[in-house]
Amino acid sequence: MKIISVVALAAAIALLPGAAYSQGKTAPKDAKLYFITPYDGQKFRGAFWVRFGLRNMGVTHAGDDYQNAGHHHLLVDVKDPIDPKEPIPQDKSHLHFGAGQTETLLDLPPGTHTLQLVLGDAKHYPFEPPVVSEKITIRVRQPVSARNR
């Protein structure tokens, strides 16, 4: 009996790493994530609205584990691709919208910036295949009041 317990424990431990990453939530092949605004190449002075578009999937809160639904993550100036086996990080470059938001007012410093959307599942993991938007580039100009000083 002790041998069976040891074998069962070893099997459970061997399976743990698989459960710890790569959630494997599948997304419909025709799912599409995109920016409603801004458009690629757009220029701004100061803060601007970013509106997220999603087709053939639904938007829900983080933690809600519904079929074919997730929540938005906005990547700002992120160069490295998202690791599909890890949750999407949360920091100043990886913005989470776990309350189901579909827009945000973004205030970036002057300069050229890249934006990309990634849809995450209930636990912030990317879907399989990943549901990501095209990466766009925007430019924030110096505010008019700052140029006149």
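The protein chain has two helices and nine strands, where helices (H or I, at least four residues) and strands (E, at least two) are DSSP runs numbered from the N terminus. Read from the N terminus, the order of elements is α-β-β-β-β-β-β-β-β-β-α. The model is predicted: local features need pLDDT of at least 70 and side-chain atom pairs count only at pLDDT 80 or more, while totals for chains, interfaces and linings use all residues. Residues are numbered from 1 along each chain as its sequence is written, and side-chain values use heavy atoms, with hydrogens and water left out.

Of the 149 residues in the protein chain, 32% are buried; buried means under 20% relative accessible area, exposed over 50%, and partly exposed in between, with a 1.4 Å probe and protein chains only. The accessible surface of the chain comes to about 9200 Å², and carbon and sulfur atoms account for 55% of this surface. These areas come from the Shrake-Rupley method with a 1.4 Å probe, and for residues only the protein chains shown count as cover. Among contacts (heavy atoms within 4.5 Å) between residues at least 6 apart in sequence, 69% join residues at least 24 apart.

Strand β3 (residues 48–55) pairs with β7 in the antiparallel sense over four bridges; two strands pair if DSSP finds at least two bridges between them.

The structure holds two salt bridges, each defined as a side-chain nitrogen of Lys or Arg within 4 Å of a carboxyl oxygen of Asp or Glu. They are listed below.

| Salt bridge | Closest N and O atoms |
|---|---|
| Arg51 and Glu103 | 2.8 Å |
| Asp65 and Lys25 | 2.8 Å |

Arg51 forms its salt bridge with Glu103, and this pair links distant parts of the chain, with Arg51 in strand β3 and Glu103 in strand β7, 52 residues apart. Arg51 is partly exposed at 32% relative accessibility, and Glu103 is partly exposed at 35%. The other salt bridge joins Asp65 to Lys25. Asp65 lies in the loop between β4 (58–59) and β5 (69–76) and Lys25 in the loop between α1 (2–20) and β1 (32–37), so the pair ties together parts that are 40 residues apart in sequence. Lys25 is partly exposed, with a relative accessible area of 29%.

Ser133 is located in the loop between β8 (111–120) and β9 (136–141), and its relative accessibility of 4% places it among the buried residues. Leaving aside neighbours within four places in sequence, Ser133 is in contact with Leu33, Tyr34, Phe35, Gln116 and Leu117. The C-alpha atoms of Ser133 and Phe35 are separated by 7.3 Å, although the two residues are 98 residues apart along the chain. A polar atom of the Ser133 side chain lies 2.9 Å from the backbone nitrogen of Leu117.

His113, in strand β8, is buried as well, with a relative accessible area of 7%. A polar contact of 2.7 Å joins the side chains of His113 and Asp77. A polar contact is a pair of N or O atoms within 3.5 Å; within protein, one must be able to donate a hydrogen and the other to accept it, and residues adjacent in sequence count only if both atoms are side-chain atoms. Not counting residues up to four places away in sequence, His113 also touches Leu108, Ile136, Thr137, Ile138 and Val140.

**Backbone geometry**

Most residues other than glycine have a negative phi, and most peptide bonds are trans. A cis peptide bond joins Thr37 and Pro38, with omega about 0°; Pro38 is in the loop between β1 and β2 (43–45). Another cis peptide bond joins Glu128 and Pro129, with omega about -5°, and Pro129 belongs to the loop between β8 and β9.

Asn56, which is not a glycine, has a positive phi of about 70°. Asn56 lies in the loop between β3 and β4 and is partly exposed, with a relative accessible area of 43%. Asn68 likewise has a positive phi, of about 55°. The loop between β4 and β5 contains Asn68, which is partly exposed at a relative accessible area of 30%.
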